[in-house]
Amino acid sequence: MRDAFLKACKGVRPPYTPVWFMRQAGRYMPEYQKIRQKYDFLTMCKTPEIAAEVTMQPIKILDVDAAILFSDILIPLEAMGLKVEFINDKGPEVSPPVRTGSELKILRPLELPAIDFVFKTIKILLKELDVPLIGFSASPFTLATYLIEGGSSKDFINTKRFIFSEPENFHNLMEILTDATMQYLLEQIKAGVHAVQIFDTWAGILSPYDYAIFCKPYLKKIIEKLSSTVPLIYFCPNTSGLINHIKDLEVDVFSLDWRVDIKEACLNFDYRPLQGNLDPLVLLGREDEVLKRVKTILIDGRCAKSHIFNLGHGVNINTSVDVLKKVVDFIHEFRFEEVNR
Ligand code: 1CP
């Protein structure tokens, strides 16, 4: 198996910078569209053969150094008694929303058999892949926002109303979601994933004060439980104000968005392994401008103990597969020894 990605997760610098992309399987890719025209998104996630095929598309087409399981962060909510739907061009809908302490009783503990398709997909992939497979989950806080808002949100009014009017019950909700997340990640690890990434997409809506109270303790619990299993990556965008808290987390890799200077992040994260951080929309620009920025991130990323190239968020639907492929080739061919000549 190609080991550059896992080496970098463990703080060892491989001969070239490994690269993969968040949302590397998706609608920007004609091969994905071809399957997506036949099946809705949830059917694709729930059919192991299809989920495995789609997971492998970017490996075959782009030659990236890691695969990420084709699924969604909201999948475990279905196994907790909620209804999850993905409505075209509108995003996810979770029902019924849980907005008060008295509504917590709707939630059931995670029923693993209900999401057996995830573990079956992992098993198929382990037979087929020659690169490491990344499993994932949302953080309990990010999951809570979808469950409380009933889907995506711009202002998170319901989430904040819940937190600040019933903080004790919000903690109860976080306990439930933390247990489910731990169980879900451990089961993916048991099935054989080589690393896991926690997506904390919405933690950046909290003040540092409230991140410390409502988010960090639950992440710490999960991280502790997973310690000495597989490498753990923590992705949290929009969080420059939270760095002092985030750096306390004992994860293997911090995944950064493009709003931070990766050189500064090296210093702020005590030179620990970093992942990131190209603005995904740079990829819509002219090729020389794209490669200029890729090169800068590669060079600046050398400050860290090890660096995994990624985007600062998911691949945008308007991205050209050719440009992504050129970025991967450029990264694989880039030789640091030649930079100072
Ligand atoms: O219509 C389609 O074809 C579905 C589009 C799609 C895809 C391809 C959704 C709907 N999810 C996914 C896959 C997905 N989602 C993966 C697969 C692996 C890969 O990266 O290739 C992963 C890891 C996710 C994770 C995910 N889902 C996150 C965390 C990462 C991030 O983007 O911040 C979030 C927030 C979601 C929720 C979600 N799923 C899909 C949509 C439209 C949304 C809503 C996003 C929002 O609230 O703005």
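**Entry 1: strand β4 and its partners**

I began with alanine 67, whose bridge partner in β4 is leucine 133. The model is predicted; local features need pLDDT of at least 70, side-chain atom pairs count only at pLDDT 80 or more, and totals for chains, interfaces and linings use all residues. Residues are numbered from 1 along each chain as its sequence is written.

I noted that helices (H or I, at least four residues) and strands (E, at least two) are DSSP runs, numbered from the N terminus. Two strands pair if DSSP finds at least two bridges between them. Strand β1 (residues 67–68) is joined to β4 by two bridges, and these strands run parallel. On β5 (residues 195–199), I found five bridges to β4, again in the parallel sense. Serine 137 has isoleucine 198 of β5 as its bridge partner.

**Entry 2: the sheet**

I traced an open sheet of seven strands with parallel pairing, in the order β1-β4-β5-β6-β7-β8-β9. Because β1 and β9 (307–311) stand at the edges with a single partner strand each, one side of each is left without a neighbour in the sheet.

**Entry 3: burial of β4**

I next checked whether β4 is covered. A residue is buried if 20 or more other C-beta atoms, placed from the backbone, lie within 10 Å of its own. In β4 (residues 133–138), six of six residues are buried. Leu133, Gly135 and Ser137 point one way, while Ile134, Phe136 and Ala138 point the other way.

**Entry 4: the record**

I consulted UniProt, where an unreviewed entry lists residues 18–27 and 134–150 for "domain: Uroporphyrinogen decarboxylase (URO-D)". Such annotations may be inferred rather than shown by experiment. Residues 18–27 are 0% helix and 0% strand, with end C-alpha atoms 23 Å apart. Residues 134–150 are 59% helix and 29% strand, and their end C-alpha atoms lie 27 Å apart.

**Entry 5: the ligand**

I counted as near any residue whose C-beta atom, placed from the backbone, lies within 6 Å of the molecule. Of the 23 residues around the ligand, Ala25, Gly26, Ser152, Phe199 and Thr201 come nearest.

Technical notes:
A residue is buried if 20 or more other C-beta atoms lie within 10 Å of its own, exposed if 12 or fewer, and partly exposed in between; C-beta atoms are placed from the backbone.
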